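Welcome, and thanks for taking a look at this structure.

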Amino acid sequence: MIKTIIFIFATALVVWVFVWLADYPGSLSIAWYGGRLELDLTIAFIGTLFFAISIGIFYRLWWTIRRAPKAISKVWKNNRRERGYKALTQGMVAVAAGDSNEAKRQAEKADNYLGDPPLTMLLSAQAAQLNGDEAAATRYFQAMLKRPETAFLGLRGLLMQAERDGDRVAALSYASRANILKPKTPWVLSKLFELEVQQLHWKSAITTLDQSIKANSIKSAEAQNLRAAVLLGCSIESETSGEHAEALRYSKRAQKEKLNYLPAIIQTAQLMNKAGKRRSLNKLIKETWGQNPHPILADLYVSDIEEGDHLLRIKKFEELKELNPDHAESRIALVRSLIDAKIWGPARTHLEKLCTEKPSSRICHLMAELEEGDKQDAEKVRHWLVKATDAPSEATWICSSCGTATFSWAPLCHRCGDLGTLAWGTTENFTSFLEDRVIRKLPKKDPNLELGNI
Ligand SMILES: [Zn+2]
């Protein structure tokens, strides 16, 4: 538009000059080397105009010729870049389609046209993987680590390779490095947490879990359960390394994280017992017994009483029974102490109240012990021992993910590897829940993990 206005203005100016010269004719006299040249003013103006236009055209020609090599080179480079990106796109499509030969061909083409940019290296690595050349893929991923813009992608590739090879230590190292590069990336946080948990690095896992919560990559309800289990893992880790005070601090934190969390209460009670904190231990057990009675807590409640002091043990268990009179654990603890004290009558009264249609194996064994100690009735002893073999299962730790029962609690299920899924109960309690999981075909994780124990 501006160019058009300038052109119209210039044309109008030239026409105006011609009209003006026609109205006011004249001549131009030039003296040069003794001669004299007389020119009509209009011709002189046309000559000047022609000369100026010629200069302009020559300058433009010279400028074009001077810039030609650069322009040709630019066109050539653009052409190569276009072909390179086309090969790159086709290579990515071939990777997605699983066409290893085409992916390799296009990767080489893209590398040839584009040189060595980040995406070419990734495509080359993926093509190498598709062709089963893991060594070449590793080389590409390692090369990517040397460039800041591709280091993260390189770590991702190496992490996936290490996982595929079952090298969890290397995978954890790559995940940690990826987390340093991009600390708020959800998949990095979740993978790092998973690897730390699998390798029982509890103290690192709690840091990663807190990072995930901050980054909103984990739901708060789920985070609470995981946090409680991981804090107990930290407690076990500290206890194993002999740092009992720190272990106790962690187990108390786990208790606060999840209200009435039985594994945390038991761990705290055990640590208090080791540290000789009797008053705190008794208080904790009394507070727990009303809702969560457990045989380990019963044992800890009398752990400071000498073996032969049966009467004191009976007294303590009577105290506990008052806190939860109808629960079987209250009576079983009391019966155990009564049998040890050979006080047969009250022991029989309590046991008969526990003998339902199908008594548990523990009750059957106590009955057998009672019959032997009280009346030396071999027939009845045999009867109860036979009954014990067919008795319903006792309460134990059961995984809510896969239904595996285990005698001791651990942060991870030893069968499915799920975190924080072991809960106290009988198999019957879990049956309907587990059937529901099977019907919904929930995924299972890889087992083969070590456990910390309570
Ligand atoms: Zn399990």
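A residue is called buried when its relative accessible area is under 20%, exposed when it is over 50%, and partly exposed in between, using a 1.4 Å probe and protein chains only. By that scale D304 is partly exposed, because its relative accessible area is 44%. This is a predicted model, where local features need pLDDT of at least 70, side-chain atom pairs count only at pLDDT 80 or more, and totals for chains, interfaces and linings use all residues. Residues are numbered from 1 along each chain as its sequence is written, and side-chain values use heavy atoms, with hydrogens and water left out.

- For orientation, the ideal angle for four tetrahedral donors is 109.5 degrees.

**Salt bridges**

- The whole structure holds 20 salt bridges. Each one is a side-chain nitrogen of Lys or Arg within 4 Å of a carboxyl oxygen of Asp or Glu.
- D304 and R278 meet through their side chains in a salt bridge, at 3.3 Å from N to O. This pair links distant parts of the chain, 26 residues apart: D304 sits in the loop between helix 14 (295-301) and helix 15 (310-323), and R278 in helix 13 (residues 278-289). Helices (H or I, at least four residues) and strands (E, at least two) are DSSP runs, numbered from the N terminus.
- R278 counts as buried because its relative accessibility is 17%.
- E394 pairs with R362, their closest N and O atoms being 3.3 Å apart.
- R147 is partly exposed at 27%, whereas E149 is exposed at 52%.
- E163, K191 and E194 are linked in a network of salt bridges.

**Cysteines without disulfides**

- How many disulfides does a search of the whole structure find? The search finds zero, a disulfide being a pair of cysteine sulfur atoms within 2.5 Å.
- C355 is in no disulfide, and its nearest cysteine sulfur, that of C364, is 6.9 Å away. That distance is too far for a bond.
- C355 is partly exposed at 24%, while C364 is buried at 0%.

**A nonpolar surface patch**

- F9, L13, W16, W20 and Y24 form a nonpolar patch on the surface, with about 630 Å² of accessible area together. Patches are made of residues with over 30% relative accessible area and no salt bridge, with nonpolar side chains (Val, Leu, Ile, Met, Phe, Trp, Tyr) joined within 5 Å and like charges within 9 Å. Accessible areas come from the Shrake-Rupley method with a 1.4 Å probe, and for residues only the protein chains shown count as cover.
- Y24 lies in the loop between helix 1 (2-23) and strand 1 (27-32), and counts as exposed at 52% relative accessibility.
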